[in-house]
Amino acid sequence: MQQVAVGLTPPSLKAEHHLQRPTPMGGGKRHSSAASTSGKKSRPSPSPPFTADDLTPVLSLLASAVSLSLRFLSDSDLLLLPSQTLSLESSLLSSSFSLSRLLSLLPSSSLQSLQTLALETSPSSSSSSSSWFLRFLSSSSSHGFDPRWIEVFRMSKPSFYLLLQHLSPSLLSDPSSGPPDHKLGAALFRLAHAAPFRGVARRFGLPSPAAACRAFYQVCKAVADQLGHLFELSSDLQRVVQGFTWMSLPNCCGVLGFARFSVEGELKGGSVIAQGLVDSEGRFLDVSVGWHGSMTPAQIITRTKLYKAQHVVLAGGPPVELNGVSVPRYLLGSSCCPLLPWLLTPFKMVDSRSSSSKDSIFNSVHARGMELADRAFGRVRARWQLLQTSWKEDCAEALPYVVVASCLLHNYLIKCSEPMPDEIEVCVKELKFLDFEGKEDEAGERIRDALASHMSL
């Protein structure tokens, strides 16, 4: 804790006015000395620079205001929204450190006759016995619905403790970074609000920012290990197919979409690309992430496990007969993907003015299907705001694990019937994927034509 000087009364500032004597009337030729023959106006003498004695009272008043604001933040942290506390805390701590540095530059002689004020550099205690999390738990109602849980952790209290039950065995391996409930709360808080590790450690009574960092990645790994079964492509295809049948997409097994996550520097080409397969309810069936930002979807698809496994997963189901054509199980892909027998993309060069043609009808249904993937990624970003930030280059290797954990938590919360966040427009510096320009597969064209004819009926 640093001692900050409190001033008494700020010194008064004197302004000097330089007046020019008026010229005598009557046509006299005498001029005042202030009016030179060159016609230049006299310049006021420059003000003297501020001294330490001038600045000390002002800085002391500012230090007092910051300290009182920090005290208010500490006393009201259970009443404010997380976004409010994080924003205020960041601004106040930045001001606090700046003032401390300025006051340290003042000569000691200017501080001797002044009172001192302790400028706190932390808005709340980091002790686990009095942490914000424990006070939050004690203030939370044991009965009924408490909306603060969804605001803070993006899930209700029952869903939080059910998730804790699933993850606890994996979180007990490293007791040095805190109890399992503190770890889970800290990880969800950082994921939901992009909170810095320093603030996370303080709120959840963890020993240090490094401990908060370990807890965060430990929770992400536990989610991937314990909730991996929520990617249900191979285990629940019948349900998936039935869901798309109601969208006039018979035998469809999912929608393939892509998203970028920003990374600083050029190591990953400025971003990491994720490929996600989504069902009609917005659940992720498969996620592959970590691809270099310069790659195209056509390059990514052929390198994924989904590409290698599709002939087993999709071909295992019976085809449907449409207009004399056997239509196997398939996925929908956007125009940036290649047309394949199991990956159907929209028709190209379709006249937008002709909405009754079979090609236009197919593209319209196809577009509604593709919205499912865009909406799923949008909701993941909206719920877990850490994914909206630009990741540092040295943390880029961990980003894929965080994205996978976020998608699994998205599925978990759908299964728990938690309220779905509305998609928000995320400002991400990214280039749109260009349309695939390669040759279209003949078998894929035949299957797409059969589907288009079926839809037009």
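In which sense do strand β4 and β5 pair, and over how many bridges? In this predicted model, β4 (residues 271–278) pairs with β5 in the antiparallel sense, and the pairing extends over 7 bridges.

## The open sheet

Strands β4 and β5 belong to an open sheet of 5 strands, whose order is β5-β4-β3-β8-β9 and whose pairing is mixed. The edges are formed by β5 (284–292) and β9 (343–344), each of which pairs on one side only.

Residue S288 lies in strand β5. Its relative accessible area is 15%, so S288 counts as buried, the cut-off being under 20%.

Leaving aside neighbours within four places in sequence, S288 is in contact with I273, A274, Q275 and T304. Between S288 and I301, which are 13 residues apart in sequence, the C-alpha to C-alpha separation in space is 9.5 Å.

## Packing of helices α12 and α13

Two packed helices are described by the angle between their axes and the distance between the axes. For α12 (residues 358–383) and α13, the angle is about 95 degrees and the axes are 10 Å apart. The angle therefore makes α12 roughly perpendicular to α13, a term that covers 65 to 115 degrees.

On the α12 side, the contact is made by A376, R379, V380 and R383, and on the α13 side by S406, H410 and L413. By class, the residues of this contact divide into 3 nonpolar, 2 polar and 2 charged.

## The largest nonpolar core

In soluble globular proteins, nonpolar side chains tend to be buried together. Here the largest nonpolar core holds 108 residues, and those touching the most other members are F153, L163, L188, F204, F284 and W384. Helix α13 (residues 399–415) supplies the largest share of this core, namely 10 residues.

Which residues does W384 touch, if those up to four places away in sequence are not counted? The list consists of F153, R154, M155, L188, L191, A192, S406, L409, H410 and L413. Among these contacts of W384, residues S406, H410 and L413 also take part in the contact of α13 with α12. Likewise, F153 and L188 are touched by W384 and are listed with W384 among the core residues that touch the most other members.

Note on methods: Residues numbered from 1 in each chain as written. Predicted model: local features only at pLDDT ≥ 70, side-chain atom pairs only at ≥ 80, totals over all residues. Heavy atoms only, no water. Core = buried A, V, L, I, M, F, W, Y, C linked by side-chain atoms within 4.5 Å. Buried < 20%, exposed > 50% of the residue type's maximum accessible area, 1.4 Å probe, protein only. Helix = DSSP H or I, 4+ residues; strand = E, 2+ residues; numbered from the N terminus. Contact = heavy atoms within 4.5 Å. Axes fitted to C-alpha atoms, helices over the stretch in contact; angles between N-to-C directions. Parallel < 35°, antiparallel > 145°, perpendicular 65-115°, else oblique. Nonpolar A, V, L, I, M, F, W, Y, C, P; charged D, E, K, R; others polar. Pairing = 2+ DSSP bridges.
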